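Please open the structure in your viewer and keep the selection panel at hand. The tour goes from the whole chain to single residues.

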Amino acid sequence: MDTSGALIGAEERGRHRRLTLIIIATAAILALGAGRMSLALFTDQETVDGTFSSGSIDLNAAAIDALTLTTSNMMPGDSVTDDVVVQN
């Protein structure tokens with residue numbers, strides 16, 4: 001009775017099982033590391049000293065009416081630019 005074939009199959013299954021476990025363990029470690037990194041990124045805190053305030057812009061109706069943008073002879077894909085001065 002020759003049992004060498006059965007032993008080779010059992011050894012190969014053992015190697016395959018160890019390789020599968022190593023791959024699963026590596027994937028789990030990488031997933032945990034990625035989770036810890038994202039948690040660190042989203043829970044970081046920083047303190048900044050500064051003053052924030054709001055302002056207002058007075059839009060002069062006469063100045064707005066005086067703006068002209070020439071759009072004659074335009075075709076699809078053409079573009080026109082112009083400067084608008086806004087004062088606070």
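What you see is a predicted model, in which local features need pLDDT of at least 70 and side-chain atom pairs count only at pLDDT 80 or more, whereas totals for chains, interfaces and linings use all residues. Residues are numbered from 1 along each chain as its sequence is written, and side-chain values use heavy atoms, with hydrogens and water left out.

In cartoon view the chain has 2 helices and 0 strands, which are DSSP runs of H or I with at least four residues and of E with at least two, numbered from the N terminus.

Next, select helix α1 (residues 4-42), where Arg15 and Glu11 lie 4 residues apart, about one turn of the helix. Arg15 forms a salt bridge with Glu11, their closest N and O atoms being 3.9 Å apart; the term requires a side-chain nitrogen of Lys or Arg within 4 Å of a carboxyl oxygen of Asp or Glu. The whole structure holds 1 salt bridge. Glu11 is partly exposed, at a relative accessible area of 46%.

Finally, select Leu59 in the loop between α1 and α2 (61-66), which is exposed at 59% relative accessible area.

Terms used. Buried means under 20% relative accessible area, exposed over 50%, partly exposed in between (1.4 Å probe, protein chains only).
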